[in-house]
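Colleague: I have a chain open and would like to go through it with you. Can you put it up and start with how you treat charges?

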Amino acid sequence: VRAACVPPRLAGRRVLVSAGPTFEDIDPVRFIGNRSSGKMGFAVAVAARAMGAEVTLVAGPVTLPTPAGVRRIDVRRAAQMRDAILSELPGHDVYLGAAAVADYAPAETLPQKIKKSGETLRIDLVRTADILAEVAAHPKRPRLVVGFAAETQDMEGYARDKLLRKGLDLIAANDVARAGQGFESDDNALSVFWRDGRHDIAHGPKPRVARDLLALVADHLEAKA
Ligand code: CTP
Ligand code: CA
């Protein structure tokens with residue numbers, strides 16, 4: 001067979017990707033966010049599309065252009081991201097949760113701007129739903145569920161704990177304490193863990209790291225078929 005006749009490795013597959021931060025509104029002018037740029041998740045969507053997949057990208061508030069050929073759904077809060085992902089889930093073969101979802105959100109969003117008064121201010125926060133764990137436990141669970149883990153210490157220990165606790169197939173961990181990778185960076189390095197294996201993706205530009213990750217995803221999809 002000539003190389004040109006080989007179908008792309010994710011042809012016919014449907015891939016759902018979450019990307020970016022979430023913004024949890026406190027009042028009309030303030031929110032709780034995080035330093036995710038969305039670049040890794042967008043690079044993952046581009047890589048999946050380049051490998052022939054039909055890609056749905058659920059994006060938090062980011063300033064990135066929509067990749068060509070990718071269906072994009074914009075959301076702001078963790079609760080909106082959860083609703084979008086759960087309603088898109090049926091029919092997808094792979095979920096990659098690259099979004100940095102807020103773990104806590106203000107108990108209420110105030111309709112008026114908070115006025116300054118007193119020396120301290122307390123805001124009650126409540127836990128958000130864990131979208132990734134819900135996807136992995138869902139009756140319409142994609143064949144492969146891939147989590148990300150941002151860690152500043154004991155990367156393998158915490159990543160493996162998330163893999164087992166959330167019922168994932170793969171988890172892609174990055175050491176955000178290392179300079180020049182992860183949040184607000186154009187580069188990344190990932191250590192990918194599964195129940196009985198590990199694969200390290202070398203430090204480099206996010207598009208290349210994303211392609212290496214999707215190649216590993218394709219391997220695992222084929223092995224699971
Ligand atoms: N995640 C999610 N929903 C949440 C929180 C996290 O879907 N409410 C997903 C992220 O998209 C990522 C993975 O869980 O794929 C791991 O996120 P991370 O923040 O590293 O882990 P947590 O489980 O939130 O634990 P902690 O922040 O305490 O380390
Ligand atoms: Ca978290």
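Modeller: Lys and Arg count as positive and Asp and Glu as negative, while His and the chain ends are not counted. Each charge is placed at NZ of Lys, CZ of Arg, CG of Asp or CD of Glu.

Colleague: How far apart are the mean positions of the positive and negative charges, then?

Modeller: They are 3 Å apart, for 32 positive and 28 negative charges in the protein chain.

Colleague: What sort of model is this, and what are the ground rules?

Modeller: It is a predicted model, where local features need pLDDT of at least 70, side-chain atom pairs count only at pLDDT 80 or more, and totals for chains, interfaces and linings use all residues. Residues are numbered from 1 along each chain as its sequence is written, chains are lettered from A and ligands numbered from 1 in the order in which they are written, and side-chain values use heavy atoms, with hydrogens and water left out.

Colleague: How many helices and strands in the protein chain?

Modeller: Five helices and 12 strands. These are DSSP runs numbered from the N terminus, helices being H or I with at least four residues and strands E with at least two.

Colleague: And why call the chain as compact as a globular protein of that length?

Modeller: Because its radius of gyration is 18 Å, close to the 17 Å from the globule rule for 225 residues. The radius is taken over C-alpha atoms, and the rule is 2.2 Å times the number of residues to the power 0.38. Along the principal axes, the C-alpha trace spans about 75 × 35 × 35 Å.

Colleague: What share of the residues is buried?

Modeller: 46% of the 225. Buried means under 20% relative accessible area, exposed over 50%, and partly exposed in between, with a 1.4 Å probe and protein chains only.

Colleague: What about contacts in the chain?

Modeller: Of the contacts (heavy atoms within 4.5 Å) with a separation of 6 or more, 62% are between residues 24 or more positions apart.

Colleague: Which strands does S1 pair with?

Modeller: Strands count as paired if DSSP finds at least two bridges between them. S1 runs parallel to S4 (residues 54-59), with six bridges, and Arg-14 is opposite Glu-54 there. S1 also runs parallel to S6 (residues 94-97), with four bridges, and Leu-16 is opposite Tyr-95.

Colleague: And S10, what is its burial like?

Modeller: Five of the six residues of S10 (residues 170-175) are buried, so that strand too is largely enclosed by the rest of the structure. S9 (residues 144-151) runs parallel to S10 through six bridges, with Ala-149 partnering Ala-173.

Colleague: Next, Ser-191. Buried or exposed?

Modeller: Buried, at 7% relative accessibility. Ser-191 is part of strand S11 (residues 187-194). Leaving out residues up to four places away in sequence, its contacts include Met-155, Ile-171, Ala-173 and His-199.

Colleague: Which residues other than glycine have positive phi?

Modeller: Asp-154 is one, with phi near 35°. Asp-154 sits in the loop between S9 and helix H4 (155-166) and counts as exposed at 52% relative accessibility. Glu-184 is another, with phi near 60°. Glu-184 is in the loop between S10 and S11 and is exposed at 51%.
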